[in-house]
Amino acid sequence: MKRYVEWYPIIVMLAIDFAFAISNILLKKIIMDGMNHLVFITYRQSISTIFLAPIAFFLERNTRPKLTPQILCYLFLSAIVGASLTQYLFLLGIQYTSATFACAFVNMVPVTTFLMALPFGLETINIKDRSGRAKVIGTLICLGGALLLTFYKGIPLIHFSDQQTESQSMEEHISSSKRKERWIFGSLILFAGTLLWSSWFLLQSNIGKKYPCQYSSTVIMTFFSAIQSAILTFSINRRLSIWIPKEMIDMLSVIYTGLIGSGLCYVGMSWCVKKRGPVFTAAFSPLVQVMAAMLDVPFLHEQLNLGSVMGSVIVIVGLYFLLWGKTKEIQKVPQETAEKKDKELTFQVHESNDESRIP
């Protein structure tokens, strides 16, 4: 039974990535319909708060610690770093570049999180140990697969009708001509969003120790994020018409991303950060693009290329190395603790024997 429990964080993260893949597909539709980014974030976080508030109240009412000003400041900062500003930067980055290019920066989150965790002591590297080498190799392989997914297309593996292929090539030509002038600006925005998203994993690791209630902390975070996004929206654009969705599918997309994307997924990620650490949780980020591609082909008739398949396989291999290293590292902790206790007990026995021999 204990071996099955060790798989729970992996199963939870796979479910979260699948939910995020569906959110990304819905996000493409929202961007195409021209919905205001900040309005979308405000709706999304408000729905998440309303959905999770009663769950947090009943499930954690007996275990919830006292809210201190320090914890509130941490959660307010978490809302800015992990919800409001990060989501806005990625939405803006997609608008200035492309969804595929934006996914490349999301795929770099495990690498940036791993590197940022080292100075804070949240992660350690022991090159002499197999688990340490596996973590480094897995991180580099994930990065290589992410870059291959983005910059190498290869031959198409699925052929659609001529009319559909022609319309797709026209859209790519138009979008590429428009992206030339704003590509550098969009890249800087996405890089800033990647740093913030990695910082959220590290910040969440600290919050989990001080306030170990995933539902309550997520409710407070999404509540702060909704207020922050609403204030920023009214400060930029005060027209009430931007708050009205153009199509019913847009509102349904907002409800789904609010309930699942900003609700249950953030709860699950907070729990995984608490159980396995920030790097373990961030390591699953590249799988979002893999799963999104699997859904894009049958439902949105997106073209599947050889580069996408090769990159996906490399990402999965790198993820396996990283998870193997983390698992071996976790398994070594109780063994080292037991060995330390045995040595202390042996030392105490020797001391007592020596004392008994003293006349």
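The model is predicted, and across the chain the mean pLDDT is 78, with 78% of the residues reaching 70 or more. Over residues 162–167 the pLDDT falls below 50, and this stretch makes 2 contacts in the model beyond its near neighbours in sequence. Where pLDDT is low, the predicted coordinates should not be read in detail.

**Overall architecture**

- The secondary structure of the chain amounts to 13 helices and 0 strands, and the pattern read along the sequence is accordingly α-α-α-α-α-α-α-α-α-α-α-α-α.
- Of the 359 residues of the chain, 45% count as buried.
- The chain exposes about 19,400 Å², and 68% of that area is supplied by carbon and sulfur atoms.

**Helix α6**

- Helix α6, which covers residues 109–117, is largely enclosed by the rest of the structure, because 7 of its 9 residues are buried.
- The buried residues of α6 are Val109, Pro110, Val111, Thr112, Thr113, Phe114 and Ala117, where buried means a relative accessible area under 20%.

**Lys328 in helix α13**

- Lys328 is found in helix α13, which spans residues 306–357.
- With a relative accessibility of 32%, Lys328 counts as partly exposed, because that class lies between the buried limit of under 20% and the exposed limit of over 50%.
- Although Lys328 and Ala134 are 194 residues apart in sequence, their C-alpha atoms are 9.6 Å apart in space.

**The cavity**

- The structure holds 1 cavity of 30 Å³ or more, and about 40 Å³ of space lies in the largest cavity.
- The lining of the largest cavity is formed by Gln204, Gly208, Tyr211, Pro212, Cys213, Gln214, Ser217 and Ser270.
- The elements that give two or more residues to this lining are α8, which covers residues 162–210, and α9, which covers residues 214–236.
- By residue class, the lining of the largest cavity divides into 3 nonpolar and 5 polar residues, with no charged residue.

Definitions and conventions: Residues are numbered from 1 along each chain as its sequence is written. This is a predicted model: local features need pLDDT of at least 70, side-chain atom pairs count only at pLDDT 80 or more; totals for chains, interfaces and linings use all residues. Side-chain values use heavy atoms; hydrogens and water are left out. On a 1 Å grid over the protein atoms alone, a cavity is a set of points where a 1.4 Å probe fits but cannot get out, and a pocket is an open set with protein on both sides within 12 Å along at least five of seven lines; lining residues have an atom within 4 Å of a point. Grid points are joined across faces, edges and corners, and a volume is the space filled by probe spheres set on the points. Helices (H or I, at least four residues) and strands (E, at least two) are DSSP runs, numbered from the N terminus. Ala, Val, Leu, Ile, Met, Phe, Trp, Tyr, Cys and Pro count as nonpolar, Asp, Glu, Lys and Arg as charged, and the others, Gly among them, as polar. Buried means under 20% relative accessible area, exposed over 50%, partly exposed in between (1.4 Å probe, protein chains only). pLDDT is the predictor's confidence in each residue, from 0 to 100. Contact means heavy atoms within 4.5 Å. Accessible areas come from the Shrake-Rupley method with a 1.4 Å probe; for residues, only the protein chains shown count as cover.
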